[in-house]
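Please read them with the structure open.

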Amino acid sequence: MTIHEIKRLTKKTAPYFFDKNTMKHFGQTMKDFTVKKLQDNRYLVTAPIYDSNVVLVGETVRYFNPSNNELELK
């Protein structure tokens, strides 16, 4: 599963998560996201968060659940 597939599948359940303006606010682009399949069949989705000075200030972490096409916090 790629980040682009996850973006397409979450268009209805999380319409603003991969929005260009949302990602710009966090200093992110689609290429910043990594996807890793977990043993419970969900996918770990992560990306660094940068401030306006391009300083790393945190990380976005979500779990994509393919059974309901939702991004979960845990």
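Which residues does T60 touch, not counting residues up to four places away in sequence?

1. T60 touches F17, Q28, F33, V45, T46, A47 and I49, where contact means heavy atoms within 4.5 Å. This is a predicted model, in which local features need pLDDT of at least 70 and side-chain atom pairs count only at pLDDT 80 or more, while totals for chains, interfaces and linings use all residues. Residues are numbered from 1 along each chain as its sequence is written, and side-chain values use heavy atoms, with hydrogens and water left out.

2. T60 lies in strand 3 and counts as buried at 10% relative accessibility (buried: under 20% relative accessible area, 1.4 Å probe, protein chains only). The T60 side chain makes a polar contact with the side chain of Q28 at 2.9 Å (N or O atoms within 3.5 Å, one able to donate a hydrogen and the other to accept it; residues adjacent in sequence count only if both atoms are side-chain atoms).

3. F17, F18 and F33 form one aromatic cluster (ring centres within 6.5 Å; planes under 30 degrees apart are stacked, over 60 edge-to-face, the rest tilted). F18 is buried, with a relative accessible area of 4%. The rings of F18 and F33 have centres 5.4 Å apart and planes at 65°, so this pair is edge-to-face. F33 also counts as buried, at 7% relative accessibility.

4. Strand 3 (residues 56-65) and strand 4 run antiparallel and are joined by three bridges (strands are DSSP E runs of at least two residues, numbered from the N terminus; two strands pair if DSSP finds at least two bridges between them). F64 stands opposite L71 in strand 4.

Definitions and conventions
Helix = DSSP H or I, 4+ residues; strand = E, 2+ residues; numbered from the N terminus. Buried < 20%, exposed > 50% of the residue type's maximum accessible area, 1.4 Å probe, protein only. Phe/Tyr/Trp six-rings, centres within 6.5 Å; stacked < 30°, edge-to-face > 60°.
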